[in-house]
Amino acid sequence: MDSADGLQTPQLTFEEGVKAFFDSAPPFENGDGISEKLKQFIAHNSSPPDGNARRVVCVTSGGTTAPLEQRCVRYVDNFSSGHRGATSTEYFLKAGYAVIFLYRRGSFQPFCRSLPDDPLLECFESTSDSNIRVREAHAEAVKRAIIDHHAAVADGLLLKLPYITIFEYLQMLQMTAMSMRCLGRHAMFYLSAAVSDFYVPWKDMVEHKIQSGQSDLLDVKLVQVPKMLKVLREKWAPSAFCISFKLETDTNILLKKASTALEKYKMHAVVANELSTRKEEVVVVTGSARITVRRDKSTNDDVENPLIKLLSGKHDSYIEESSR
Ligand code: PAZ
């Protein structure tokens, strides 16, 4: 990449690129508070009052943004509604996992999928005596969302951590992974977030809103985000069971790209999905196997139901391997 003064910046090694990413990131707000929440959540689930230690999965969900200005008005976004992550979280909880839900602020939330777009305004109405009540049509969905969500949080089984930018996402993923190291093979990463491939390093970013009218061209240089899957596997949580996702719009390259990611980042499985059919079917690529998982339309099931059953079974085998 050329620097602003036109000189060539020397190529960084992978490790230098990772260091440069974190060194150049803006300060991580409330890092101590998040670290404390993670510590308590993991301690609670690894030695809970009932004595039954739980597996812990970190589900990443939604898309990261890459800001173009420090006082950000404009940014490059990554498509993801968060539906996959939110739905998967519900099925992981059902399967007995405790879930750290690392999600894009404003994206879909667990247990709220069947609520309308604007739940506050659409689910509630005022009564003649100026009270508020739930509209009959939404009563069941609101009740389920509140009961199931509050139960998961109150029982210490669901920890929700919001991010917006690629900086916040990777800082939190790193912190979460380091906190989960003590769980060894009982930890899982289910990385369904759509993560920026390119970003503007904080130190190269203009402070104020980019002005239009000065030129017909917007000249912004984006740098490749180091592939943190590799760092996660090798350094942050080397014993954890790791699943990443691969999204493509061209089905001709999807499985090849998923196999490459499996090998390159030493994932235990890569879930391949195509944009328009992602809610109908996915292909789980592990070793030389490619397993197609489809949703059961006859029961109006979610594709995440059989997917999480399959992956938690593979996680079982991974844990058992170590005790042989
Ligand atoms: O969030 P969503 O349900 O709308 O979409 C899910 C998804 C397609 C973002 C996810 O399944 C996925 O493939 N994530 C990884 C994207 C990537 O290749 O970077």
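Let's start with a definition: two residues are in contact if their C-beta atoms, placed from the backbone, lie within 7 Å. Keep that in mind as you look at this structure, which is a predicted model.

Where the domains touch, 19 residues of domain 1 are in contact with 16 residues of domain 2.

## Who does the touching in domain 1

Three elements on the domain 1 side each supply at least two residues: helix 3, strand 8 (187–191) and helix 7 (228–236). Helix 3 gives the largest share of that side, with 5 residues. And what is this side of domain 1 made of, by class? You'll find 9 nonpolar, 4 polar and 6 charged residues there.

## Around the ligand

Now find the ligand. It has 13 residues around it, and the closest are S81, H83, R84, F245 and L247. Sorted by class, the shell holds 4 nonpolar, 6 polar and 3 charged residues.

Which elements each supply at least two residues of that shell? Helix 3 (83–94) and strand 11 (241–248) do. Strand 11 gives the most, with 3 residues. Why does the ligand lie between the two domains? It's because domain 1 and domain 2 both give residues to the shell around the ligand.

## A pair of packed helices

Next, look at helix 2 (residues 31–46) and helix 6 (residues 166–180). They pack at an angle of about 35 degrees, and their axes are 10 Å apart. Is their crossing left-handed or right-handed? The crossing of helix 2 and helix 6 is right-handed.

Helix 2 makes this contact with I34, S35, L38, K39 and I42, while helix 6 brings M172, M175, T176, S179 and M180. Together, the residues of this contact come to 6 nonpolar, 3 polar and 1 charged.

## What the record says

An unreviewed entry lists residues 173–289 as "domain: DNA/pantothenate metabolism flavoprotein C-terminal".

Conventions:
Residues are numbered from 1 along each chain as its sequence is written. This is a predicted model: local features need pLDDT of at least 70, side-chain atom pairs count only at pLDDT 80 or more; totals for chains, interfaces and linings use all residues. Axes are lines fitted to C-alpha atoms, for helices over the stretch in contact, and angles run from 0 to 180 degrees between N-to-C directions. Helices (H or I, at least four residues) and strands (E, at least two) are DSSP runs, numbered from the N terminus. A crossing is left-handed if the near helix is turned anticlockwise from the far one by less than a right angle, and right-handed if clockwise. Ala, Val, Leu, Ile, Met, Phe, Trp, Tyr, Cys and Pro count as nonpolar, Asp, Glu, Lys and Arg as charged, and the others, Gly among them, as polar. UniProt positions are given in the numbering used here, feature names are shortened, and annotations may be inferred rather than shown by experiment. A residue is near a molecule or strand if its C-beta atom, placed from the backbone, lies within 6 Å of it. Domain bounds come from an automatic or database domain assignment.
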